[in-house]
Every structure is written in C-alpha cells, then in structure tokens.
Amino acid sequence: AKGRAAQWGALVGDRLGGMRFDEPQPVAVVGRIAPRPVLILTGAADSTVTPAMARAVYAAAGEPKRLWLVEGARHG
C-alpha cells in the first residue's frame, strides 16, 4: 500500500533480522507440527496474508487445529 520503497525497506529489514526466503513455506511444513495444537489467526480483510492463504495452511495442518478469521481485521 505504501509503494515499492516500503516493500524494499521491509525486505531489507527481514533480511537483516535473519528471515530467509529460501526456507520452506508454512503450508509445506505445518503438517509436521501435529499432534501439537495449531491456531491460525488472520484478518478477513488482510491483503498481506490473505484468508485464502490462511485456509491453505489450515488445510495442510494436522489435528488438532483451529482457524480464526477476524471480520474486518487487516494485517498486523
């Protein structure tokens, strides 16, 4: 929403903070957490981690699991 400069700044911040983009994505590894409980919480108006993305992670998770979509909430 803030343009490319903000996206670049966020990317640099993530890199400096140790975030690696070559690591597995949550949907690929969430199933390994079972049988520990998983809560996936996202805003129904989130455009960064969309409800569709949250549903995909939820579908890939093992039991027990819960998905909570907060109506009207955005990212963060």
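Reader: What covers the buried residues of α3?

Author: In this predicted model, the cover over the buried residues of α3 includes α2 (26-29), β1 (38-43) and β2 (65-70).

Reader: And which residues of α3 are buried?

Author: Helix α3 spans residues 51-60, and its buried residues are Pro51, Ala54 and Val57. They lie on the same side of α3, because the arc they cover around the axis is only 120°. An α-helix has 3.6 residues a turn, so residues three or four places apart point the same way.

Reader: Which exposed residues sit on the face turned away from that buried side?

Author: That face of α3 carries Ala52 and Ala59, both of them exposed.

Reader: Changing topic, how do the elements run from the N terminus on?

Author: The order is α-α-β-α-β, which amounts to three helices and two strands. The chain is more spread out than a compact globule, because its radius of gyration is 14 Å, well over the 11 Å that the globule rule gives for 76 residues. Along the principal axes, the C-alpha atoms fill a box of roughly 40 × 30 × 15 Å.

Reader: What share of the residues is buried, then?

Author: Buried residues account for 14% of the 76 in the chain, while the accessible surface comes to about 5900 Å², with 59% of that belonging to carbon and sulfur atoms.

Reader: How many positive and negative side chains are there?

Author: The chain has 10 positive and 6 negative side chains, and the centres of these two sets lie 1 Å apart.

Conventions. Residues are numbered from 1 along each chain as its sequence is written. This is a predicted model: local features need pLDDT of at least 70, side-chain atom pairs count only at pLDDT 80 or more; totals for chains, interfaces and linings use all residues. Side-chain values use heavy atoms; hydrogens and water are left out. Helices (H or I, at least four residues) and strands (E, at least two) are DSSP runs, numbered from the N terminus. The radius of gyration is taken over C-alpha atoms; the globule rule is 2.2 Å times the number of residues to the power 0.38. Buried means under 20% relative accessible area, exposed over 50%, partly exposed in between (1.4 Å probe, protein chains only). Accessible areas come from the Shrake-Rupley method with a 1.4 Å probe; for residues, only the protein chains shown count as cover. Lys and Arg count as positive and Asp and Glu as negative; His and the chain ends are not counted. The place of a charge is taken as NZ of Lys, CZ of Arg, CG of Asp or CD of Glu. The arc is that of the directions from the helix axis to the C-beta atoms. Contact means heavy atoms within 4.5 Å.
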